[in-house]
Amino acid sequence: MDATVLKEKSLHAVKSFGLPRLIITLFLLLLFIIAPFANVNIASGISDMLTRFGMNAVLVLAMVPMVHSGCGLNFGLPLGIISGLLGATLTLEFGYTGFSSLMMAILFATPFAIILGAGYGALLNRVKGGEMMIATYVGFSSVAFMCIMWLLLPYDNPSMVWGYAGTGLRTTISVEGAYLGVLDNFLRIQIGHFAVPTGTILFFAFLALLMWLFLRTKTGTAMTAVGSNPIFATASGVSVDRMRTLSVILSTWLGAVGIIIYEQSFGFIQLYMGPFNMAMPAVSAILLGGASVNKASIANVVIGTLLFQGILTMTPSVMNGLIQMDVSEVIRIIVSNGMILYALTRKQEATR
Amino acid sequence: MKIGRSFYIRIAAIILVILLGVWMFFIGKQHTILLDNNRYEEIRALDEVAVSVDGGEDIDLYSRMRDQAIVTGQGHTISVTYTDSSWEEHTIVRDIDIPLGENMMIIYLPYLVENPDSPQEEWLQHFESQAVTVSPSSSDSAVVTDDSAGLMMDF
Amino acid sequence: MTRKLEMNNLKISPKELLINNLVPIMFICICVVGIPISGYSGSYLLNEILSRLGRNSFLVLSLLIPVMAGMGMNFGMTLGAMAGQIGLILVTDWNIVGIPAMVLAAIISTPISILLGWLCGTILNRAKGREMVTSYIIGFFMNGVYQLVVLYFMGSIIPIASSALVLPRGYGIRNTVNLEGIRKSLDNLIPFNIFGASVPVATFILVAVFCVVILWFRRTKLGQDMRAVGQDMEVARQAGIKVERTRLLSIILSTVFAGFGMIIYLQNIGTLNTYNSHSQIGMFSIAALLVGGASVDKANIRNVFIGIILFHLMFTIAPTVGRNLIGEAQLGEYFRVFVSYGVITFSLVLYEIRKKREAKKALEEAEA
């Protein structure tokens, strides 16, 4: 009798936790356990994981508003990233340095994010039910369009354009001297191999707090209502389309801020095809954190990013140390896309 | 499960396709035949010999030369034309049957000319190629698995 | 139901006709403007188009069957392409050449395609209503598995003898595989020239046979079932059609044919980019089909050929036009990527808007 109750309870626990998430958590634990045998330093592993968490967390956070308003997973994240890239390149063009350059980049990116997000939101309002596929392709088309623009736009800062032609932005542009590490090095904790990019994590925590607060305001709850029950929301006088557009603008803006934070840590602005594949890791990270196509919380973001980045940092080093075979790329592809597939095929969401 | 007529038809179709595959393997397999005009054991190399595989162009071989012919499938005809010591021209035509799975075979022409009616195994033998070292270019050893790399290709 | 739809189609306004055919019209404009700028001669363009028509038709045609079953554009056709590539890698390793090599590669690819197609179809049956995005992700997912097999298993678990194929480290296939043995073996099987352009006659015959097969297939029991499922899943289910099985079969068939298409495609190209050739083939094929005036729920053989001709005219001239206009060939390459994605986005949006409008109309009619 007790055994069956226990079994049922544990089954329920597994179910609520999600089997894939359980498997991946166990896999990550296993990686940490065998790391010493593969001559991998756990301290540096954890600090790598935290650094990459800081780099990516805002991009993952950008998923939250759109999921809340029922627009599904934001496969159109590249659009937000493009706004961020515009902000970043403008900042460098005008020659800002230090902490102010980071702020200016975000400031410059904001109008682009609002305009692009509004257009994107209006489009998504006309295609309710088919958002995800269209979002994917809006993202891709905008990346391809911006490839043309990066070549044509009249930037002329010599550190950014191709040397021989004098026009056309380079594929990668260093942010050294501008905002490289301004957050990473703020209140940085460094003990031997172990380092924590405190500033970046605090910045994310600040944004996450704002998001958490926003979701509890009147507008925020209305947005959630639109996502969970659009008919009820309309009946209580909430404009569905307006809420959805607002959520898309928010997601786009967070994507823009996210890529600037990413560059701050990574050191380079990646133009052209750079933003192309950035949506998938963010989408799978939030799903890994336990979100679904129509439900996502801040906790999902934190847990998911930690797990996903943990796998990404630990697998290559442990695998290399253990079997001299780097299968991490394959594992990344299978885990991230497998996670998305799992979310897309879950029964309870098929109704929407 | 009831085993009906359609089941047997399906099995037959699958077997047929597999047989087709095997047949394709036989007729599509490419072999390299080395034509060797070197001293073979006690037999001296020929001064000049012309070899034609499957009625193709003559391959001229002088003494101590080796050339190759690339053929597809197993059954082939080779005709070997040479002039003997009394300046008389002779032509030997033989059908050869290359064993499956051989990538490279060698024909010892002097032996064939000396014993025109000997069985095939005596002058057509397996040849192990001295590991053709393809010097790997740097772009070849690095593997690019970028998803967007395929975008810039032609379609 | 069908009759009513047809009647609605008859009453289409000129404006709607324009919107529905906007993509082909846009492409004709691009080509009309672009061809003089590119400065290519007529015979060069004819040669290019004939060769591209030969190598891509089969791939694009393989998309028609899932559309028939109402499953939209099968982004999972990359799975078939992977199966075809595995077949080609193996026959290249075995030193098989010519037409037999292509046939053998097709035979090897078939069971792999069936397995992958079955997997894809099973997953898609669990994601009804969002088949496209799911099949798109399946393509990515399987790309990981493909890499695992080709980059790690081939040469270690799956024996590969040829040192020209295997990476210097001893396992894994090189970035490029030279398909010298089968290059143009089908295209040049029946040599024929017209206006200085070579015509891949044998390839066209094969494509024609496939077209006939598709036309015939529409009339079979299974084809009828597929169309019924495509019209309305619930109605079809009540009529006693096994909906899941029918959908599964449509994806399997599409995957198998995509595998054959990939083999035909690669015999024309002559080199296999082991890790890239398949990755975007689905996107380009779908873009070509949509350029031909197809939509997510309606596509026919005419769309395939118009689409390939228009899309590939643009594809051929874009880099030169970019160079002649701005002095940058790269610009033209980005432009064609943008257009490919743009076309797909536009068609998807158009489809969703139309679907919504029709649903609204049906609701109003029901209320009236």
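In what order do the four strands of the open sheet in chain B stand? The legends below start there.

This is a predicted model, where local features need pLDDT of at least 70, side-chain atom pairs count only at pLDDT 80 or more, and totals for chains, interfaces and linings use all residues. Residues are numbered from 1 along each chain as its sequence is written, while chains are lettered from A and ligands numbered from 1 in the order in which they are written.

**View 1. The open sheet of chain B.** The order is 4-1-7-8, and the pairing is mixed. Helices (H or I, at least four residues) and strands (E, at least two) are DSSP runs numbered from the N terminus, and two strands pair if DSSP finds at least two bridges between them. Strand 4 (65-72) and strand 8 (124-126) of chain B sit at the edges with a single partner strand each, so one side of each has no neighbour in the sheet. From one strand to the next, the twist averages 30°. (Axes are lines fitted to C-alpha atoms, for helices over the stretch in contact, and angles run from 0 to 180 degrees between N-to-C directions.)

**View 2. Strand 1 of chain B and its partners.** Strands of a sheet pair through backbone hydrogen bonds, either parallel or antiparallel. Take strand 1 (residues 30-37) of chain B: with strand 7 (residues 104-108) of chain B, the pairing is parallel, over five bridges. With strand 4 of chain B, strand 1 of chain B pairs in the antiparallel sense over eight bridges. Look at B:Ile33: its bridge partner in strand 7 of chain B is B:Met105, and in strand 4 of chain B B:Ile33 stands opposite B:Ala69. B:Leu34 has B:Ile106 as its bridge partner in strand 7 of chain B.

**View 3. Two helices crossing in chain A.** Helix 3 (residues 42-61) and helix 12 (residues 279-288) of chain A pack at about 80°, their axes 9 Å apart. That makes helix 3 and helix 12 of chain A roughly perpendicular (angles under 35 degrees count as roughly parallel, over 145 as roughly antiparallel, 65 to 115 as roughly perpendicular and the rest as oblique). Helix 3 of chain A brings A:Asn56, A:Leu59 and A:Val60 to the contact, and helix 12 of chain A brings A:Ala282, A:Ala285 and A:Ile286. Residues are in contact if their C-beta atoms, placed from the backbone, lie within 7 Å. By class, this contact of helix 3 with helix 12 of chain A has five nonpolar, one polar and no charged residues. (Ala, Val, Leu, Ile, Met, Phe, Trp, Tyr, Cys and Pro count as nonpolar, Asp, Glu, Lys and Arg as charged, and the others, Gly among them, as polar.)

**View 4. Where chain C touches chain A.** Here 34 residues of chain C are in contact with 29 residues of chain A. On the chain C side, helix 8 (131-153) and helix 15 (329-367) each supply at least two residues. The residues on that side divide into 22 nonpolar, seven polar and five charged.

**View 5. Two loop residues with a positive phi.** Most residues other than glycine have a negative phi. A:Leu187, in the loop between strand 1 (172-174) and strand 2 (189-191) of chain A, has a phi near 55°. B:Arg64, in the loop between strand 3 (59-62) and strand 4 of chain B, has a positive phi of about 60°. A:Leu187 is exposed, with 11 other C-beta atoms within 10 Å, and B:Arg64 counts as exposed with 11 C-beta neighbours inside 10 Å. (Buried takes 20 or more other C-beta atoms within 10 Å, exposed 12 or fewer, and partly exposed is in between; C-beta atoms are placed from the backbone.)

Conventions: Contact = placed C-beta atoms within 7 Å.
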